[in-house]
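Subject: A structure for you, with notes

Hi there,

Here is the structure I promised to pass on. Please open it alongside this email, and my notes will follow below.

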Amino acid sequence: MKDAPFPVQTGTTSAFALVLVAAAMFGTVPYFALSLTQSGMAPSAVAFYRYLIAALIFLPAFWRARHAWRVLLWGVGTGMCMSLGWLGYVSALKVIPVSTAGVIYMSYPIFTLIIDWLFWAERPTRRAVVAAGLVLAAAGLATGVARIGMDQLVWVAAAFAAPLGFGFGITVLVHKLTGVPAMARISAVSLGSVFGLAPLIMALEVEQMIPQNTQSWAWVAGIALVTATVPQLIYTYFAPMIGSARTATAGSIELPTMFVIGWLAFGETIGPAQWAACGLILLSVLLVQARVTRPFFGRAATEKTKV
């Protein structure tokens with residue numbers, strides 16, 4: 001699977017800066033997610049709110065693309081899988097360190113390569129395999145230094161549900177959703193996520209589902225807008241201006257952002273081994289220059305497309 005040539009326009013410094021900001025915004029997920037779960041909100045409700053705003057905002061694009069309903073169904077199904085994976089990740093954040101969860105989250109390229117190979121007969125390149133090995137080493141290093149106990153292994157496995165779901169989402173978005181505009185893809189995946197989480201939401205107590213104070217409402221707004229809707233729009237419109245390689249480079253700031261949040265917001269100690277794991281992740285990103293930078297979009301973030 002090869003990238004189409006990307007037009008690199010002149011005067012793209014501001015576009016690169018905006019994509020950099022968007023990647024940092026994606027990296028703030030642990031802050032809002034953990035703050036909400038610590039305030040008493042259920043992980044399923046946290047995930048639900050993250051996708052709900054995007055589903056509503058981009059619903060008109062979904063409706064305009066209704067003639068391609070078979071393609072949109074792929075997107076809805078993908079969103080359901082990705083939302084359940086993200087639910088496992090949010091649940092794990094309550095138990096394992098933010099830095100460890102962040103490194104696990106960034107392992108999604110491994111699952112992308114495996115799923116792409118098994119289901120879509122796309123053989124990974126040698127460079128991609130080396131990069132996947134670096135990611136695997138980083139995940140092992142991060143979980144090792146965190147001294148994960150046997151009673152926490154189930155939460156480590158739950159954290160891996162997110163990159164597994166994202167990896168599946170990437171392959172479907174690339175192979176099945178190219179027939180609809182970018183905004184319709186975002187809407188289909190968001191709606192699927194909302195539908196997938198709705199049964200879990202209905203089983204919750206009111207205090208587990210509805211924010212109980214102004215601060216909690218602010219966190220809900222943050223996880224919906226800061227970690228999802230706004231950076232998604234930035235990627236969709238500005239990543240095509242700088243190309244896939246520079247987009248991947250900018251996206252690599254996401255993991256250090258998670259590390260800093262764990263340190264500043266939750267008092268976690270970030271040791272040399274964890275920074276080494278972070279370095280391995282960044283090296284893997286630069287090595288393959290990420291053909292698909294954000295799992296939410298598939299190639300929508302790095303190709304010009306009608307929106």
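Thr 112 lies in helix H7, which covers residues 108-120; helices here are DSSP runs of H or I with at least four residues, strands are runs of E with at least two, and both are numbered from the N terminus. At 10% relative accessibility, Thr 112 counts as buried (buried means under 20% relative accessible area, exposed over 50%, and partly exposed in between, with a 1.4 Å probe and protein chains only). Setting aside neighbours within four places in sequence, Thr 112 is in contact with Gly 167, Ile 170 and Thr 171, where contact means heavy atoms within 4.5 Å.

Before going on, please note that this is a predicted model: local features need pLDDT of at least 70, side-chain atom pairs count only at pLDDT 80 or more, and totals for chains, interfaces and linings use all residues. Residues are numbered from 1 along each chain as its sequence is written, and side-chain values use heavy atoms, with hydrogens and water left out.

Helix H7 also holds Leu 113, which is buried at 14% relative accessibility. The C-alpha atoms of Leu 113 and Ala 128 are separated by 7.9 Å, and these two residues are 15 apart along the chain. In the loop between H7 and helix H8 (126-145) you will find Ala 121. Its relative accessibility is 64%, so Ala 121 counts as exposed. The phi of Ala 121 is near 55°, a positive value in a residue other than glycine. As background, most residues other than glycine have a negative phi.

Now for the whole chain. The protein has 15 helices and zero strands. Of its 307 residues, 55% count as buried. Among contacts with a separation of 6 or more, 89% are between residues 24 or more positions apart.

How do the helices pack?

Helix H5 (residues 69-93) and helix H11 (residues 182-202) pack at an angle of about 50°, with their axes 6 Å apart. Axes are lines fitted to C-alpha atoms, for helices over the stretch in contact, and angles run from 0 to 180 degrees between N-to-C directions. H5 and H11 are therefore oblique to each other (under 35 degrees counts as roughly parallel, over 145 as roughly antiparallel, 65 to 115 as roughly perpendicular, and the rest as oblique). The crossing of H5 with H11 is right-handed: a crossing is right-handed if the near helix is turned clockwise from the far one by less than a right angle, and left-handed if anticlockwise. Residues making the contact include Gly 75, Gly 79 and Leu 87 of H5, and Ala 188, Gly 192 and Phe 195 of H11. By class, this contact of H5 with H11 has 12 nonpolar, six polar and no charged residues. Ala, Val, Leu, Ile, Met, Phe, Trp, Tyr, Cys and Pro count as nonpolar, Asp, Glu, Lys and Arg as charged, and the others, Gly among them, as polar.

The axes of H2 and H5 come within 9 Å and cross at roughly 70°. That makes H2 roughly perpendicular to H5, and this crossing is right-handed. On the H2 side are Val 29, Pro 30, Ala 33, Leu 34 and Thr 37, which meet Trp 86, Tyr 89, Val 90 and Leu 93 in H5. The contact of H2 with H5 divides into eight nonpolar residues, one polar and no charged.

H2 (residues 29-38) also packs with helix H3 (residues 43-57), at an angle of about 135° and with the axes 9 Å apart. H2 and H3 are therefore oblique to each other, and their crossing is right-handed. Val 29, Ala 33, Leu 36 and Thr 37 of H2 make this contact with Pro 43, Val 46 and Arg 50 of H3. Its residues comprise five nonpolar, one polar and one charged.

One loop residue is worth a look too. Ala 65 lies between helix H4 (59-64) and H5, and is buried at 4% relative accessibility. Beyond its neighbours within four places in sequence, Ala 65 is in contact with Leu 72, Val 180, Pro 181 and Ala 184. The C-alpha atoms of Ala 65 and Val 180 are separated by 6.6 Å, although the two are 115 residues apart along the chain.

Finally, the cysteines. Counting a disulfide as a pair of cysteine sulfur atoms within 2.5 Å, the total is zero. Cys 81 is partly exposed, with a relative accessible area of 38%, while Cys 278 is buried at 2% relative accessibility.

Enjoy exploring!

Best wishes
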